[in-house]
Amino acid sequence: MFLGEFQHSLDEKGRIILPSKFRDGLADGVVITVGMEKCLFIIPKTEWPRWEDKIRSLPLAKKDARKFSRFFFAGASEEDITKQGRILIPSTLRDYAGLDKDIVIIGVSDRLEVWDKKNWEAYQKEAEGSYSDIAEELLI
């Protein structure tokens with residue numbers, strides 16, 4: 001399980017250093033793909049088949065489902081973690097997420113999300129307070 005928020009930097013080659021507490025869970029490699037709200041999803045290769053099954057189970061007859069499936073799989077890239085704990089973020093994915101120098105890596109249960117720091121801060125401000133309604137609904 002992945003939890004927490006970590007401030008990091010993108011290096012000049014487009015690589016990020018993964019937080020050390022996440023590395024064991026990602027030792028077999030990762031799949032990086034487009035996420036929601038202009039972030040990237042980093043999914044452990046061991047979890048990828050479950051994600052694949054979810055996406056493939058979407059109704060092919062629905063145009064939005066086909067769009068999402070194409071978007072999700074076309075953006076995906078298998079990456080290995082170096083001994084230093086780094087992974088390369090392909091340029092197409094860096095462009096999609098608007099990744100600049102400063103990034104934020106967050107643990108979201110079964111995946112990591114990578115955000116441009118400014119986008120993450122804007123998202124937090126926008127979401128502030130709006131999640132309390134759903135939290136009450138889910139937890140009560």
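**A walk through the model**

A: Happy to. D80 is exposed, its relative accessible area being 55%. Here exposed means over 50%, buried under 20% and partly exposed in between, with a 1.4 Å probe and protein chains only.

Q: What should I know about the model itself before we go on?
A: It's a predicted model: local features need pLDDT of at least 70, side-chain atom pairs count only at pLDDT 80 or more, and totals for chains, interfaces and linings use all residues. Residues are numbered from 1 along each chain as its sequence is written, and side-chain values use heavy atoms, with hydrogens and water left out.

Q: Good. Where does D80 lie?
A: In the loop between β5 (77-79) and β6 (86-88). Helices (H or I, at least four residues) and strands (E, at least two) are DSSP runs, numbered from the N terminus.

Q: And which residues does D80 touch?
A: Leaving out residues up to four places away in sequence, D80 touches G29, K45, R86 and I87. A contact means heavy atoms within 4.5 Å. D28 is 52 residues from D80 along the chain, and the two C-alpha atoms are separated by 7.5 Å.

Q: Let's zoom out. How many helices and strands does the protein chain have?
A: The protein chain comes to six helices and eight strands. Read along the sequence, their pattern is β-β-α-β-β-α-α-β-β-α-β-β-α-α.

Q: What about the radius of gyration?
A: The protein chain has 16 Å, which agrees with the value near 14 Å that a compact globule of 140 residues would have. That radius is taken over C-alpha atoms, and the globule rule is 2.2 Å times the number of residues to the power 0.38. Along the principal axes, the C-alpha atoms fill a box of roughly 40 × 35 × 25 Å.

Q: What percentage of the residues is buried?
A: Buried residues make up 38% of the 140 in the protein chain. As for contacts with a separation of 6 or more, 62% of them are between residues 24 or more positions apart.

Q: Is L99 buried or exposed?
A: L99 is buried, at a relative accessible area of 12%. L99 sits in the loop between α4 (91-97) and β7 (102-109).

Q: What does L99 touch?
A: Not counting residues up to four places away in sequence, L99 touches L10, L40, I89, R94, V114, W115 and D116. For L99 and P49, which are 50 residues apart along the chain, the C-alpha atoms are separated by 27 Å.

Q: New topic: at what angle do α2 and α3 cross?
A: The axes of α2 (residues 48-56) and α3 (residues 63-74) cross at roughly 155° and come within 10 Å. The two helices are therefore roughly antiparallel to each other. For angles, under 35 degrees is roughly parallel, over 145 roughly antiparallel, 65 to 115 roughly perpendicular and the rest oblique.

Q: Which residues meet there?
A: On the α2 side they are W48, W51, E52 and I55, and these meet F68, S69, F72 and F73 in α3. By class, that contact of α2 with α3 has six nonpolar, one polar and one charged residues.

Q: Which residues have a positive phi although they are not glycine?
A: E37 is one of them, with a positive phi of about 55°, and E37 lies in the loop between β3 (30-34) and β4 (40-44). S109 is another, at about 65°. Most residues other than glycine have a negative phi. S109 is in strand β7, and at 42% relative accessibility S109 counts as partly exposed.

Q: Last one: where is K118 found?
A: In helix α5 (residues 117-127). K118 is exposed, with a relative accessible area of 63%. K118 and M36 are 82 residues apart in sequence and 16 Å apart in space, C-alpha to C-alpha.

Key. Axes fitted to C-alpha atoms, helices over the stretch in contact; angles between N-to-C directions. Nonpolar A, V, L, I, M, F, W, Y, C, P; charged D, E, K, R; others polar.
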